[in-house]
Amino acid sequence: MSSVKMHADEVDIDGPLVGRLVAAQFPQWADLEVRRVRSAGTDHTMYRLGQDMTVRLPRMPGAADQVDLEQRWLPRLAPHLPLAVPVPLGQGVPGEGYPFAWSVYRWLDGANLFDEPLTELHDAAAGLGRFVAALRRIDTAGAPRSFRGGPAGTADAGVRAAIRDLGADGTLDAGAATAAWEAALRVPQWDGAPVWLHGDLLPGNLLARQGRLSAVIDFGGVGVGDPACDTMAAWTLLSADTREVFREASGVDDATWARGRGWALRFGVTAEHYYRVTNPVLARVGHRAAAEAIADHHAA
């Protein structure tokens, strides 16, 4: 199988299956080598196809609708964005015992930031901030709602449960986390028109070449809503001294920044709580995000 399963409803995916799907639906690529791409992603499995392409397959029913979403919107968004993004080359359909649609993309060179830390963090902070700002300026006519486009507080019960459990085993200071979370819930909510957001700007969805930020991938959460969640990178990735660079380049207001810190805390505690056994890489990102958000709240 492709990896340890993280979700109860994951389907089985392996290299031979991907090879059969490609051969049946894209016979022009049937002779190309298929190699699994190591990833800490949670919704999809990826395989490199030859030298120039990648196959991206949903792991579970909840991710299946992301195929159409990316295929439709990535070509429309890409011309407006200052960083490279995936280029769809083909869309597959269920077959060979695999139940979902799937995608073929042009291969993007670079290592995700789980595997290759940035050496130019200041430059990355500015570049990512410009990317977020550029997304917000794109026309939203007909755009879908992002799954992270609403208030972070919709997960209040899950966040409090994660804080309770992580506090009980000594992973975090439950009192400090609760205080930071309750402060986030008091921040005024977004009352502007919905804007485009990526929805999942985690280190694993950012690529670097020679230590410099080069591309943004995984647009499965793309859509419109409150831009706050796209500031999560300030706490999942950046250092305290580069956080302000990102904030200035992104151009968000104080309330959006504070809501973004709440999103980072929400993601942090729930990701560590859910993935600490099945995906320790993502759990570590969650731990960092929560710790940085809590510290930043208490320093504010």
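**Notes on the predicted model**

1. Leaving out residues up to four places away in sequence, His-198 touches Leu-135, Asn-205, Val-216, Ile-217, Asp-218, Phe-219, Gly-221, Val-222 and Asp-230. The residue lies in the loop that runs between β7 (195–197) and β8 (206–209). His-198 counts as buried because its relative accessibility is 0%, below the 20% cut-off for that class. Between His-198 and Thr-54 there are 144 residues in sequence and 20 Å in space, taken C-alpha to C-alpha. The model is a predicted one, and these remarks should be read accordingly.

2. One of the residues that His-198 touches is Asp-218, which deserves a separate comment. Asp-218 is placed in the loop between β9 (212–216) and β10 (223–225). Its phi is near 55 degrees, a positive value in a residue other than glycine. Most residues other than glycine have a negative phi. With a relative accessibility of 17%, Asp-218 counts as buried.

3. Glu-96 also has a positive phi, of about 55 degrees, although it is not a glycine. This residue is found in the loop between β4 (88–92) and β5 (102–106). Is Glu-96 buried or partly exposed? Its relative accessibility is 42%, so Glu-96 counts as partly exposed.

4. Asp-296 belongs to helix α9, which spans residues 280–299. It is buried, at a relative accessible area of 18%. Neighbours within four places in sequence aside, Asp-296 is in contact with Trp-235, Arg-243, Trp-257 and Arg-261.

5. The next two points concern helix packing. Two packed helices are described by the angle between their axes and the distance between the axes. For helix α5 (residues 174–185) and helix α8 (residues 254–275), the axes come within 9 Å and cross at roughly 135 degrees. At that angle α5 is therefore oblique to α8. The crossing of α5 past α8 is left-handed. On the α5 side the contact is made by Ala-177, Ala-180, Trp-181 and Ala-184, and on the α8 side by Gly-262, Leu-265 and Arg-266. Sorted by class, the residues in this contact of α5 with α8 are five nonpolar, one polar and one charged.

6. Helix α4 (residues 156–168) also packs against α8: the axes come within 9 Å and cross at roughly 60 degrees. The two helices are therefore oblique to each other, and α4 passes α8 in a left-handed crossing. From α4 the contact draws on Gly-158, Val-159, Ala-162, Ile-163, Asp-165 and Leu-166, and from α8 on Arg-266, Val-269, Thr-270, Glu-272 and His-273. Five nonpolar, three polar and three charged residues form this contact of α4 with α8. Arg-266 of α8 takes part in the contact with α5 and in the contact with α4.

7. Finally, the chain as a whole. The protein chain has nine helices and ten strands. Its radius of gyration is 19 Å, close to the 19 Å that the globule rule gives for 300 residues, so the chain is as compact as a globular protein of that length. Along the principal axes, the C-alpha atoms fill a box of roughly 60 × 40 × 35 Å. Of the 300 residues, 54% are buried. Among contacts between residues at least 6 apart in sequence, 72% join residues at least 24 apart.

Conventions
Residues numbered from 1 in each chain as written. Predicted model: local features only at pLDDT ≥ 70, side-chain atom pairs only at ≥ 80, totals over all residues. Heavy atoms only, no water. Helix = DSSP H or I, 4+ residues; strand = E, 2+ residues; numbered from the N terminus. Buried < 20%, exposed > 50% of the residue type's maximum accessible area, 1.4 Å probe, protein only. Contact = heavy atoms within 4.5 Å. Axes fitted to C-alpha atoms, helices over the stretch in contact; angles between N-to-C directions. Parallel < 35°, antiparallel > 145°, perpendicular 65-115°, else oblique. Left-handed = near helix turned anticlockwise from the far one by under 90°. Nonpolar A, V, L, I, M, F, W, Y, C, P; charged D, E, K, R; others polar. Rg over C-alpha atoms; globule rule 2.2 N^0.38 Å.
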